[in-house]
Amino acid sequence: MTRILIVEDDIDIRGLLARGLEAEGFEVGTADSVGDALKAARDPAPGAVLLDVGLPDGSGHEVCRSLREGGFSGPILFLSARDEIRDRAEGLAIGADDYIVKPFEFDELVARLRTHLMRREQAEAPRSRLVAGRLHFDLDTRQVSCGEASARLTPREAELLAMLMDSLGKPVSRAEIFDRLWASQGGLSLNVVDVYIGYLRSKMADFVRYGGPVLTTVRGKGFMLEPKGPDFRQ
């Protein structure tokens, strides 16, 4: 059962939210101040936080910022009567997933909460397969295929391809690739990136015939997995 932490100093609103969420099948924890919220979010960590901006001992922004800096990755939804665009923008900029203006419809709140929980769960789920158009990459077996062509990658080639597929259609710099894959190993230079790009190109050379993406060099920017073919679908 997902635990929702409600941080709200208005006892009536806090009670209504708690009863409503419990009726929706959630476990509920409550806090009415910045200090209590930070304590309640420690152990066990909630699945999501509903957070008022105006609290008696500070701002909900402090809670949001502190939770994000502490590694909390669950959804944070601000609930506030402040409806100016700058207030919403500030709340989202410091790490909130949503900003809901009071008064609000409870059903809409629950719908948004469930959507954010589902998206976070999907984002954190272990991946076993990546797809980019006709290019299919099995992360467990390190087998990559496109049409009738296929190849098996080494562990480091697999990490490199996954990184490029995650940035499909966008260049990734040599420095970024090196920092992600080789920075922890001493004695290596940026040239190792070009070497492994060459390995990948060799193994994926036949994929273009089957409408697969092309591994291209973008001058001054790095490398990119570029969608090719009229029927390519990301």
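This report looks at strands and helices in a predicted model.

Start with strand 3, residues 48-52. Five of its five residues are buried, so strand 3 is largely enclosed by the rest of the structure. Burial here means under 20% relative accessible area. In a regular strand, side chains alternate between the two faces of the sheet. Both faces of strand 3 are covered. A48, L50 and D52 are buried on one side. V49 and L51 are buried on the other.

Strand 3 also has partners. Strands in a sheet pair through backbone hydrogen bonds, parallel or antiparallel. Strand 1, residues 3-7, pairs with strand 3 in the parallel sense over four bridges. Strand 6, residues 76-80, runs parallel to strand 3 and is joined to it by four bridges. Follow V49 to see both pairings. L5 stands opposite V49, and in strand 6 the bridge partner of V49 is I76.

Four other strands build an open sheet in the order 8-9-10-11. Their pairing is antiparallel. Strand 8 (129-132) and strand 11 (149-152) stand at the edges. Each has a single partner strand, so one side of each is left without a neighbour in the sheet. On average, neighbouring strands of this sheet are turned by 15 degrees against each other, direction ignored.

Now look at strands 9 and 10. Strand 9 covers residues 135-138, and strand 10 covers residues 143-146. Four bridges link them in the antiparallel sense.

## Helix 6 against helix 7

Helix 6 (residues 155-166) packs on helix 7 (residues 174-181). The angle is about 130 degrees, and the axes lie 11 Å apart. The two helices are therefore oblique to each other. Their crossing is right-handed.

Which residues of helix 6 and helix 7 meet? Helix 6 brings R156, E159, L160 and M163. Helix 7 brings E176, I177, R180 and L181. By class, this contact has four nonpolar, four charged and no polar residues.

## Helix 7 against helix 8

Helix 7 also packs on helix 8, residues 191-203. Here the angle is about 90 degrees, with the axes 9 Å apart. That makes helix 7 roughly perpendicular to helix 8. R174, I177 and F178 of helix 7 touch V192, V193 and D194 of helix 8. This contact has four nonpolar, two charged and no polar residues. I177 takes part in the contact with helix 6 and in the contact with helix 8.

How values were computed:
Residues numbered from 1 in each chain as written. Predicted model: local features only at pLDDT ≥ 70, side-chain atom pairs only at ≥ 80, totals over all residues. Heavy atoms only, no water. Axes fitted to C-alpha atoms, helices over the stretch in contact; angles between N-to-C directions. Parallel < 35°, antiparallel > 145°, perpendicular 65-115°, else oblique. Left-handed = near helix turned anticlockwise from the far one by under 90°. Contact = heavy atoms within 4.5 Å. Nonpolar A, V, L, I, M, F, W, Y, C, P; charged D, E, K, R; others polar. Pairing = 2+ DSSP bridges. Buried < 20%, exposed > 50% of the residue type's maximum accessible area, 1.4 Å probe, protein only.
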